[in-house]
Amino acid sequence: MFDWLGNLLFPTETPNIAQSLITIMLAIGLGVFFGRVKLGKITFGVSAVMFTGLFLGHIGYRIDGSILDFIRDFGLILFVYGIGLQVGPSFFSSFKNEGLKFNLLAVSGVLLSGVITFVLFKTTGLSIENLVGIMSGSVTNTPGLGAAKNTIEEMRAVFPDRIFDDPAIGYAIAYPLGVFGIIGTI
């Protein structure tokens with residue numbers, strides 16, 4: 001009698017659209033809830049959504065590919081738009097104070113991360129796709145992951161016979177360590 005409820009809520013290998021949407025809502029809802037839980041003086045905030053998604057994926061939840069593509073792109077658009085609205089009014093005026101120093105520090109950090117990633121590519125034998133995901137995750141740079149995934153999609157059109165690794169795997173492995181590293185450093 002309640003088979004439809006089980007099909008909707010429990011993980012399957014080939015989820016339909018309704019189950020995919022339930023999985024996304026579950027990850028967001030539980031992630032926001034756990035993000036507000038305090039561990040001493042620390043809360044994980046929206047990073048808990050990522051950890052919840054990792055856990056749900058580990059226990060077998062999947063999302064339909066077309067829904068996943070839409071949610072990933074739409075979420076990235078909302079993220080970048082929200083940051084632009086928040087930072088936009090004070091961005092140019094920040095150059096008068098210490099903004100130039102902070103921007104140079106940020107650019108130096110990105111360049112150093114790129115150099116380290118290139119050195120690891122040359123010395124470890126890991127694919128550049130995985131290393132870009134690891135770099136994005138270690139510095140918790142979600143837009144960097146989005147840019148890498150879009151670049152790989154464009155390269156697939158040019159090189160249809162080549163198989164590319166998914167940088168999201170490296171990102172998912174390095175992201176928790178990046179979050180804990182930032183919290184520990186602060």
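Mentor: In this predicted model, helices are DSSP runs of H or I with at least four residues, and strands are runs of E with at least two, numbered from the N terminus.

Trainee: How many helices and how many strands does the protein have?

Mentor: From the N terminus on, the elements run α-α-α-α-α-α-α-α. The count is therefore made under the DSSP run lengths just given. The protein has eight helices and zero strands.

Trainee: What percentage of the residues of the protein count as buried?

Mentor: Buried means under 20% relative accessible area. The protein has 186 residues, and its C-alpha trace spans about 65 × 45 × 30 Å along the principal axes. The share of residues that count as buried is 22%.

Trainee: Which helix supplies the largest share of the nonpolar patch?

Mentor: The patch on the surface is formed by Phe79, Val80, Ile83, Val87, Phe91, Phe92, Phe95, Leu100 and Leu104, with about 830 Å² of accessible area together. Helix 4 (65-91) and helix 5 (99-124) each supply at least two of its residues. The largest share, five residues, comes from helix 4.

Trainee: Does Ile83 count as buried, partly exposed or exposed, and why?

Mentor: Ile83 is found in helix 4 and is one of the residues of the nonpolar patch. Because its relative accessibility is 39%, Ile83 counts as partly exposed.

Trainee: Where does Thr140 lie, and what is its phi?

Mentor: Thr140 lies in the loop between helix 6 (128-138) and helix 7 (142-158). At 25% relative accessibility, Thr140 counts as partly exposed. Although Thr140 is not a glycine, its phi is positive, at about 50°.

Trainee: How far apart in space are Leu30 and Leu131, C-alpha to C-alpha?

Mentor: Leu30 has its place in helix 2 (residues 17-36) and counts as partly exposed, at 32% relative accessibility. In sequence, Leu30 and Leu131 are 101 residues apart. In space, the C-alpha to C-alpha distance between Leu30 and Leu131 is 30 Å.

Trainee: What share of the contacts between residues at least 6 apart in sequence joins residues at least 24 apart?

Mentor: A contact here means heavy atoms within 4.5 Å. Among the contacts in the protein between residues at least 6 apart, the share joining residues at least 24 apart is 59%.

Trainee: How far apart are the mean positions of the positive and negative charges?

Mentor: The protein has 11 positive and 12 negative charges. The mean positions of the positive and negative charges are separated by 15 Å.

Methods:
Residues are numbered from 1 along each chain as its sequence is written. This is a predicted model: local features need pLDDT of at least 70, side-chain atom pairs count only at pLDDT 80 or more; totals for chains, interfaces and linings use all residues. Side-chain values use heavy atoms; hydrogens and water are left out. Buried means under 20% relative accessible area, exposed over 50%, partly exposed in between (1.4 Å probe, protein chains only). Patches are made of residues with over 30% relative accessible area and no salt bridge: like charges are joined within 9 Å, nonpolar side chains (Val, Leu, Ile, Met, Phe, Trp, Tyr) within 5 Å. Accessible areas come from the Shrake-Rupley method with a 1.4 Å probe; for residues, only the protein chains shown count as cover. A salt bridge is a side-chain nitrogen of Lys or Arg within 4 Å of a carboxyl oxygen of Asp or Glu. Lys and Arg count as positive and Asp and Glu as negative; His and the chain ends are not counted. The place of a charge is taken as NZ of Lys, CZ of Arg, CG of Asp or CD of Glu.
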